[in-house]
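Let's take a walk through this structure together. Have the sequence and the 3D view at hand as you read.

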Amino acid sequence: MTRTFAIILAQPNAWVLDLCCGTGDMAFALQRLATKSGATILGTDFSHAMLQRAYEKSEETSPRWIEADALNLPFSDGQFDLVTAAFGFRNLADYNTGLREILRVLRPGGECGILDFGEPQGLMGQAYRLYFRRVLPVIGTAISGVRGPYAYLPASVARFPSPTEMLERMRREGFQQASWTPYTFGIAGLYRGKK
Ligand SMILES: C[S@@+](CC[C@H](N)C(=O)[O-])C[C@H]1O[C@@H](n2cnc3c(N)ncnc32)[C@H](O)[C@@H]1O
């Protein structure tokens, strides 16, 4: 996803917000591409423990970490050139509010990139769902001894709107040029939109 936004990241005055940054992997990847330009990268998450881990992984040139709820961002309107979210948007309690907040903090012409899981269609989708919903939770729980995450992941993917619906929501909230690029038969995909 980071290379998709290389032009924005190459702008010295660019402000980039990575939502639901967790322990910061996507924010660090954005930072690596922005090192030459000096663009400002902010990573936000509402989990203090996640940000603590991101902070511990940080070096001299690292994103800035800010504790914030993606549904109620502590930023002014039109502050960012790019807003990203990698495998975090799906977890939001309210997708429309999340999209509205992204749009609000983007400057006119700014872009958003939401990378998240999906479910493939057709025969491949049926096989994938069988594996993802029935096999993976059993194997994952047996190996790790922890049930929660391996049950939560398929449940959260099933709850996430289809690409058609997600694009419709983006357009309805006001995004221009909304698009979806599937990766690996649609197991994951990148939603893009402009303000
Ligand atoms: C799978 S992790 C994201 C991984 C991360 N993007 C990366 O690049 O490594 C999902 C994150 O979403 C965060 N999250 C979920 N709902 C949120 C919300 N409303 N506001 C902020 N963060 C949220 C969780 O705390 C969690 O850290």
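Predicted model: local features only at pLDDT ≥ 70, side-chain atom pairs only at ≥ 80, totals over all residues.

Residues are numbered from 1 along each chain as its sequence is written, and side-chain values use heavy atoms, leaving out hydrogens and water.

Start with the ligand. Around it are 17 residues, and the closest are M26, D45, D69, A70 and A86; a residue belongs to this group if one of its heavy atoms lies within 4 Å of the ligand. By class, this shell has 10 nonpolar, 4 polar and 3 charged residues. Here Ala, Val, Leu, Ile, Met, Phe, Trp, Tyr, Cys and Pro count as nonpolar, Asp, Glu, Lys and Arg as charged, and the others, Gly among them, as polar.

Now look at the polar contacts, meaning pairs of N or O atoms within 3.5 Å (within protein, one must be able to donate a hydrogen and the other to accept it, and residues adjacent in sequence count only if both atoms are side-chain atoms). An N or O atom in the side chain of D45 is 2.6 Å from a ligand oxygen. The side chain of D69 has an N or O atom 2.9 Å from a ligand nitrogen, and a polar backbone atom of F46 is 3.3 Å from a nitrogen of the ligand. On its own the ligand has 600 Å² of accessible area, and the protein covers 81% of that (Shrake-Rupley method, 1.4 Å probe).

Next come two helices, which are DSSP runs of H or I with at least four residues, numbered from the N terminus. Helix α2 spans residues 25-34 and is mostly covered, with 7 of its 10 residues buried (under 20% relative accessible area, 1.4 Å probe, protein chains only; exposed is over 50% and partly exposed is in between). Among the buried residues of α2 is M26, which is also one of the closest to the ligand.

Helix α4, residues 95-105, is mostly covered too: 8 of its 11 residues are buried, including Y95, L99 and L103.

Finally, which residue lies in the loop between α5 (122-144) and α6 (148-159)? That is V146, and it counts as partly exposed because its relative accessibility is 44%. R172 lies in helix α7, residues 163-173, and counts as exposed because its relative accessible area is 56%. R172 and R100 are 72 residues apart in sequence and 9.9 Å apart in space, C-alpha to C-alpha.
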